Amino acid sequence: EGQTSPEQWQRTYGRCSGNEVYHIHLGDSKFFGEYDGKSFTYASFHAHKKYGVCLIGVKREDNKSILLNPGPRHIMAATDTCYYINITKEENSAFIFKQEEKHGKGLPVTSLYDAPSRLPVHSIIASMVDQATSYGTVAIDLQHPDPPEESGKLTLPTENGAGSRRPSIAPVLEIADSSAILPCDLLSDQSEDETNQSDDEGSVGSEFVKGYPPNSPYIGSSPTLCHLLPQKAPFCCLRFDKACTHNSSEDAKAYGFKNKLIIVSAEMAGNGLYNFIVPLRAYYRPRKELNPIVLLLDNQPDNHFLEAICCFPMVYFMTGTIDNLDNLLRCGIIYADNLVVVDKESTMSAKEDYMADAKTIVNVQTMFRLFPSLSIITELTHPSNMRFMQFRAKDCYSLALSKLEKIERDKGSNLAFMFRLPFAAGRVFSISMLDTLLYQSFVKDYMIGITRLLLGLDTTPGSGYLCVMKITEEDLWIRTYGRLFQKFCSSSAEIPIGIYRTESHMFSTLEASKVCYLASYQVSASASNRALIFHLIFKSGSFI
């Protein structure tokens, strides 16, 4: 998609969107076969360095559970099943045919990393509905000289010039130093809250405990380790807009939350909302950074749903709709960072098929103009209606992108809308896109399971988890994605899987917050602006 576009970010974004998850037995693999007896972290880094593939997980022959980034403690075996991200599966890769050709002619096989014609490293593009944080530091020099032309740079060359010597990065060890590995304890608190908090900061976090939700009433809900209340909250305390005998607060200001709210607008409560809450209360999230969640529901939730959520801290509900400004203000929209608008089932039966999203589009567009700093994520029934989302009149850049969309549609593209800025930034999606996961599950029976692990809906002892680390200006000396990969692997055994880049403006905070794009390159007509970069990484299971 978009390979004929004149803009670099669209060509890169289009190419990287072709990344998928594949699997292969280590003993049968030419990408990973040489790492038999080496640590998982070592195998992931060197496979990425040589072939541009990203090893994200593994499964033992005698174990049904998939482990995402089990860390340096996991020693690879020939019977392991490797799960990796790449543009194409290994069996269809041109790398293998070249190597076999050289072997047949008796020619030496050179590393693809060192070859002048090395293909650029591809990274998967992903978006997160919620904000997350990681606890590692960033790290770095590769053991081999860099190729003449680097791809995937994190920033423009510094003023001292490209010829200046870069700081070195520690090598990724074949077998991790046991003294540097922390004990694997699923119940340990890695949030650093308990040791570093002051008394007033810890007063809220100390009220929470870790454990498994006592009630998982929905089919497909598996026990997940979460932050919980010591005792279940009475149902009356879950009502956000009404005081009760236990709580006198009636609005967001009265609650006095230290963190920004996450508001979810939905027609009715169900397992979808329960699955939305679980990852936001996962055990690995710092207690002091938990965001209050307010469910704005059209219909009163039943007692079964309230029984399921009453064990989670700072989860509330109120009845109302997003087309009522009073309801929005009462649920604390001016104190919110994120608003998630769930598609309403009752609108899907509209007489005119594509009018099913009409009311949602109008409401979201109104909030987009009223609250420009608010991050709004919207679900639509029909993907083609994405062109109406977060629309700005007289926006020349968006107009140019709409013309590109028409060209892609004429070519028969099923993802013609992918370059629309709201979609590229992860602000709008269609549930029908998840159908591709169901199709893939016919040939990849692990797709649903690995997706649930990525989303945080399931937890497996020894498995890592997905989180986000913000790269600051002080980290830009790392320069390239390949060096960043080595920094993470060598310092904290984390595996980066992609980047989320935003554009930096010299405008006011209100104006700058309006621009947020998802791409592996900066989404801007001007490539000279310095960008802030967010990296999706797997925390190592050995450090849990």
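User: Which residues of helix H10 are buried?

Analyst: This is a predicted model, in which local features need pLDDT of at least 70, side-chain atom pairs count only at pLDDT 80 or more, and totals for chains, interfaces and linings use all residues. Residues are numbered from 1 along each chain as its sequence is written, and side-chain values use heavy atoms, with hydrogens and water left out. Helices (H or I, at least four residues) and strands (E, at least two) are DSSP runs numbered from the N terminus, and buried means under 20% relative accessible area (1.4 Å probe, protein chains only). In H10 the buried residues are Thr-360, Ile-361, Asn-363, Val-364, Gln-365, Met-367 and Phe-368.

User: How far apart are the end C-alpha atoms of H10?

Analyst: The expected span is 1.5 Å times one less than the number of residues. For the 13 residues of H10 (358–370) that gives 18 Å, and the end C-alpha atoms agree, being 18 Å apart.

User: Which residue in S9 stands opposite Leu-296?

Analyst: Strands S8 (293–297) and S9 run parallel and are joined by five bridges; two strands pair if DSSP finds at least two bridges between them. In S9 (315–319), four of the five residues are buried. The residue opposite Leu-296 is Met-318.

Definitions and conventions. Buried means under 20% relative accessible area, exposed over 50%, partly exposed in between (1.4 Å probe, protein chains only).
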